[in-house]
Amino acid sequence: MEKIRQTLRDHAWARWTALGIVAFTMLTGYYLTDVMAPLKGLLEQQLSWDSSEYGFFTSAYGWFNVFLFMLIIGGIILDKMGVRFTGLSAAVIMVLGTAIKYWAVSTHSLDGQTWNILWLFPMKAQVFMAALGYAIFGVGVEVAGITVSKIIVKWFKGKELALAMGLEMATARMGTALALATSVPLAKSLGHVSKPILVCLILLVIGLIAFFIYTFMDKKLDASQAEFDKQNNVVNEEEEFKVSDIFKIVTNKGWWYIAILCVLFYSAVFPFLKYAADLMVNKFGVQESLAGTIPAMLPFGTILLTPLFGNIYDRKGKGATIMLIGSLLLIFVHGMFSIPFLNHWIIAIILIVILGIGFSLVPSAMWPSVPKIIPENQLGTAYSLIFWVQNWGLMGVPALIGWVLDKYCVTGQKVVEGVTVNTYNYTLPMLIFTSLGVLALIFAFLLKAEDKKKGYGLELPNIEK
Ligand SMILES: C[C@H](NC(=O)[C@@H](N)CCCCN)C(=O)O
């Protein structure tokens, strides 16, 4: 009998199709993640939210992931139960959280109500419920993210891993770009700030269906791998994941450097994006309805560049160096944004484009580097722990910026469509983002040094000859 020489992942069409499907699910998740970002002004006008309430709502993304350890639990479930169960559950959680958020922002039944959260903090019921929905969604999208990373490693290890991860991130960022560019026009044309969330809800259901379709491909991949192993007498020596493996991960210095670089770098990008539209209005004098378009160029730029840099990493290596250069660009951009007299909108566009390059370099090298440091059976947990560390920043930094804006940066008030809103000076928030960049650079250096010492191969190509 002729031996099977290939598994499903050896067929290019199969692995790229699998990638396309799961990447689409991530696109729908990223759309919802940022859909409220350009709506800060409209939320102030239509629902009377202030910056602190917006900051509170935005930070809810990480509540359950961070404090209830949902991300880490998700990672353990992923390593124990596999990608099909975990991915489907994550997609259902995204839909559920978004439905709650949509209800909160669209209903009038919460109007005028204030609740005491934990008997301590008075909070508008609407803000709290919207935040709760967003917190639930946050668990879904983060667990979906680690699941998709593991799926990509499953299909692309030893092949075009960084290119595939780059393409997945590029697709997901199309969701971010769409969110930034379309949410204000959608809210205005459909007549309410809640409408873009409804559009997301519909997209997320389609994303869930897409992932369901993927599970059939995944089953086929497992079956073909088992058949291949049987016919070629391959003994699968990979150990089952044990909860005690968490100790192995968190005692690995290289893993820590990636995790800390990740939290610092991403905290200076994603939370920045939440305020970028407002920055455009307040510092660069851009019209409110167009303010989301300039920040939207960032994800658009990364759509092209992340796969490009991933491809370079796959073929030429230099992963640690790529992360270093990306961190340098981050410092440059936020440093420039914090200089008060550089306030022409063309400068804003140039800086966003450069930030797009930095935000393509670091992720394109960071995520494909993790499997070089951590074995595949611990990968779900390793990614989830990195995301967990990162979520502290994604949760804390927007809240910090919202608070700093209200406390130290109010410069006056203006009337927009009949409603009085604050105006802000963004110098201090931008200096905070710059400092995060400086710290990120230090950890990029430490990672490069650790790679040299331990020989992880971060500077080597991913494609096995
Ligand atoms: C792959 C990586 N994903 C993350 O960092 C997620 N933890 C955060 C997703 C936030 C979505 N706006 C990435 O997107 O680069």
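Predicted model: local features only at pLDDT ≥ 70, side-chain atom pairs only at ≥ 80, totals over all residues.

Q: Where is isoleucine 249 placed, and why does isoleucine 249 count as buried or exposed?

A: Isoleucine 249 is in helix H10, residues 245-250. Isoleucine 249 counts as buried because it has 21 C-beta neighbours inside 10 Å, and the cut-off for buried is 20 or more.

Q: How is the length of a helix checked, and what span should helix H5 have?

A: The check takes 1.5 Å a residue, so the twelve residues of helix H5 (residues 70-81) should span 16 Å; the end C-alpha atoms are 15 Å apart, which agrees. For helix H9 (residues 195-231), the same rule applied to 37 residues gives 54 Å, and the end C-alpha atoms are 55 Å apart, which also agrees.

Q: Which residues of H5 are buried, and what do they pack against?

A: An α-helix has 3.6 residues a turn, so residues three or four places apart point the same way. In H5 the buried residues are Met70, Leu71, Gly74, Gly75, Ile76, Leu78 and Asp79. Their packing partners are helix H4 (63-67), helix H6 (83-106), helix H7 (125-156) and helix H16 (379-408).

Q: Which helices do the buried residues of H9 pack against?

A: They pack against helix H1 (12-34), H6 and helix H8 (161-190). Among the buried residues of H9 are Pro196, Ile197, Cys200, Leu204, Phe211, Tyr214 and Asp218.

Q: What should I look for in phi at the ends of helices?

A: Just after H5, glycine 82 has a positive phi of about 95 degrees; just after H9, asparagine 233 has one of about 50 degrees. Phenylalanine 69, in the loop between H4 and H5, has a positive phi near 55 degrees and is a residue other than glycine. Serine 48, likewise not a glycine, has a positive phi of about 60 degrees and lies in the loop between helix H2 (40-47) and helix H3 (51-59).

Q: How many residues does the largest nonpolar core have?

A: The largest nonpolar core has 158 residues, and those with the most contacts inside it are Ile258, Leu261, Cys262, Phe265, Met323 and Ala440. H7 gives the most to this core, with 20 residues. Leucine 261 touches Met323, Ala440, Phe443, Ala444 and Leu447, with residues up to four places away in sequence left out.

Q: Which residues come nearest to the ligand?

A: Of the 14 residues around the ligand, the nearest are Thr33, Gly145, Met169, Pro363 and Phe387. The elements giving two or more residues to this shell are H1, H7, H8, helix H15 (345-373) and H16. By class, the shell has eight nonpolar, four polar and two charged residues.

Note on methods. Residues numbered from 1 in each chain as written. Helix = DSSP H or I, 4+ residues; strand = E, 2+ residues; numbered from the N terminus. Expected span 1.5 Å × (residues − 1). Buried ≥ 20, exposed ≤ 12 C-beta atoms within 10 Å, placed from the backbone. Contact = placed C-beta atoms within 7 Å. Core = buried A, V, L, I, M, F, W, Y, C linked by C-beta atoms within 7 Å. Near = placed C-beta within 6 Å. Nonpolar A, V, L, I, M, F, W, Y, C, P; charged D, E, K, R; others polar.
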